[in-house]
2 protein chains.
Amino acid sequence: MTENANDRSLKTTVTTLRIIELLRERDGAGVTEIARELDIAPSTAHTHVTTLESQEYVVKEGETYHLGLRFLGLGNFVRTRKRKFGKAEHYTNVLSEESERRSIFTVEEHGRGVYVHTAPGKHGVWTQSTVGKRVYLHSTASGKAILAHMPAERVREIIDRVGLPKETEQTIHDEEALFDELAEIRERGYALNVEEQISGVRAVGAPVLGPDGGVFGALSVAGPSNRMKGEQFDRLTEVLLGIAEELELSIALS
Amino acid sequence: MTENANDRSLKTTVTTLRIIELLRERDGAGVTEIARELDIAPSTAHTHVTTLESQEYVVKEGETYHLGLRFLGLGNFVRTRKRKFGKAEHYTNVLSEESERRSIFTVEEHGRGVYVHTAPGKHGVWTQSTVGKRVYLHSTASGKAILAHMPAERVREIIDRVGLPKETEQTIHDEEALFDELAEIRERGYALNVEEQISGVRAVGAPVLGPDGGVFGALSVAGPSNRMKGEQFDRLTEVLLGIAEELELSIALS
DNA sequence: TAGTGTTTTCGCCTCTCCCGAATACCAGTT
DNA sequence: AACTGGTATTCGGGAGAGGCGAAAACACTA
């Protein structure tokens, strides 16, 4: 569930990456803090962080080190790397307008869901800051929509790698139950998330399939449970499925 | 001008970062290609790249390794880290609309200018993809606007570090000439770039000062030389200066 | 089946990274 | 000014990790 036992990973590289992660989480940190947190000698932390600084990946502001803007370029690169992502962005925005709910386009990577584009709902201050967020596939509408269209073997691999951790009381944490749900999703054409990730929040997700039949990603809309009910909800689902299909088409034609 | 001689940088970390850079430039690469390019053994390249993969920073697509979406999160983080950047984004868009030219908000880091926000001009397909781009300070309008409001000592440090490389025939590559120009820019209130970075392209840049008097960044508009002339141009400059001032105000009040 | 180019595994040697101790630095506090 | 607790930073030496090279696995073509 956690880590590599016998592998030949580079220890140095791994700690460097850990430091980068830490600098993001803490929004900057000093040498001592890093050392304490990662359980390494302060001098070691110092060498790492100064290496990152000399390579211009990190900036020093007073006594604390921060992630530098070099990551802006890298982030922007991966976002625009695939043409399809551009299309997805457009339709995410359309979805947000038509549904008046917050909308997300998610893809799978390393067994997790990653938010590639997000758009706020009508009342939405909620925004961009969640781009790049990693979520579980089994506890989200888009995640389940994606899993439903993967080979079962691959799904099993993912479960082995990341597990089925409970996020709320509703989270599916049983493999068989998950596979049943996935079958249902395939039939129905869309996936639901009934407070399985965050209590009080529901979502609907639709898969976006590539021309090869493989799954490219998923579109989803989310909102507070009381605004995701009844006939209003049925309309929402229709809008979602329509736009997902448009996106599929747009990808297939490009 | 180039590199560290005696320093204690971590060699392993440095090659890891080099590989990341390479994967961006080439948009993915195989083990052999990496090894050849960085002049290391293929087996070494392999260990690096698999380490990055196991840490989920890199994905393997067939035989080539690509940067993964983890960089999306990091990039998004540094973009939204400073509130002020949010304000700057808004005014960059406003500038683009009012000037009908492509507009950029730039900040300094490690002696280079980094595009933090960009907006296309009227005819603009040209867009986002340049976010995160690093440019020289001495050969760009925004860069010179920034330099003009830095302590002379700091400017000299930067020149020592990155030099004054010629990008076109017009590029200032003499220290004294640069300082003269910076003085002029301070008086005038804005900076010009007359085909000093790219031939055929001119730009105007205005500094954006923080409440402390230090320079926060610069706004600039750019376009083909023939559309950056005469009274049309004067109007452009006025618009630019007005918006830069609004941005300053907005920052000071927050 | 042989042949080219690749990726990947693995043992070994060396060089590099990590630690610890010493030093420098910085703000308060007395 | 001297003392104190907290930092960051420098530096030498030892252990262990990273890099190489050889060889094996693999993929495609002919």
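By class, the surface near DNA strand D is made of five nonpolar, 10 polar and four charged residues. Here Ala, Val, Leu, Ile, Met, Phe, Trp, Tyr, Cys and Pro count as nonpolar, Asp, Glu, Lys and Arg as charged, and the others, Gly among them, as polar. A residue is near the strand if one of its heavy atoms lies within 4 Å of it. This is a predicted model, in which local features need pLDDT of at least 70, side-chain atom pairs count only at pLDDT 80 or more, and totals for chains, interfaces and linings use all residues. Residues are numbered from 1 along each chain as its sequence is written, chains are lettered from A and ligands numbered from 1 in the order in which they are written, and side-chain values use heavy atoms, with hydrogens and water left out.

Of the 19 residues around DNA strand D, those that come nearest are A:Lys11, A:Val31, A:Thr32, A:Lys60 and B:Thr44. A polar backbone atom of A:Val31 is 2.7 Å from a phosphate oxygen of DNA strand D. Two or more residues of the surface are given by each of helix 1 (11–25), helix 2 (31–38) and helix 3 (42–54) of chain A, and by helix 3 (42–54) of chain B. Helices (H or I, at least four residues) and strands (E, at least two) are DSSP runs, numbered from the N terminus. Helix 3 of chain B provides the largest share, three residues.

The next topic is how the two protein chains are related. Two copies of a chain are related by a rotation about an axis and a shift along it. Chain B is superposed on chain A by a rotation of 180° with 0.0 Å of shift along the axis, at an RMSD of 0.1 Å. That is the relation of a two-fold axis. The superposition is by least squares on the C-alpha atoms of residues with pLDDT of at least 70 in both copies. In chain B, the residue closest to the rotation axis is B:Gly75, with its C-alpha at 2.2 Å. Both copies use the same surface, as 100% of the contact residues of chain B recur in chain A; contact means heavy atoms within 4.5 Å.

One residue with contacts in both chains is B:Arg134, in contact with A:Glu56, A:Leu69, A:Arg70 and B:Glu109, among others. The place of B:Arg134 is in strand 5 (residues 134–135) of chain B. Its side chain and that of A:Glu56 are joined by a polar contact of 3.4 Å (a pair of N or O atoms within 3.5 Å; within protein, one must be able to donate a hydrogen and the other to accept it, and residues adjacent in sequence count only if both atoms are side-chain atoms).

Over all chains, the structure holds six aromatic pairs. Rings of Phe, Tyr and Trp (its six-membered ring) pair if their centres lie within 6.5 Å; planes under 30 degrees apart count as stacked, over 60 as edge-to-face and the rest as tilted. The rings of B:Tyr57 and B:Phe71 are edge-to-face because their planes are at 70°, with the centres 5.7 Å apart.

Conventions
Lists of a residue's contacts leave out its neighbours within four places in sequence.
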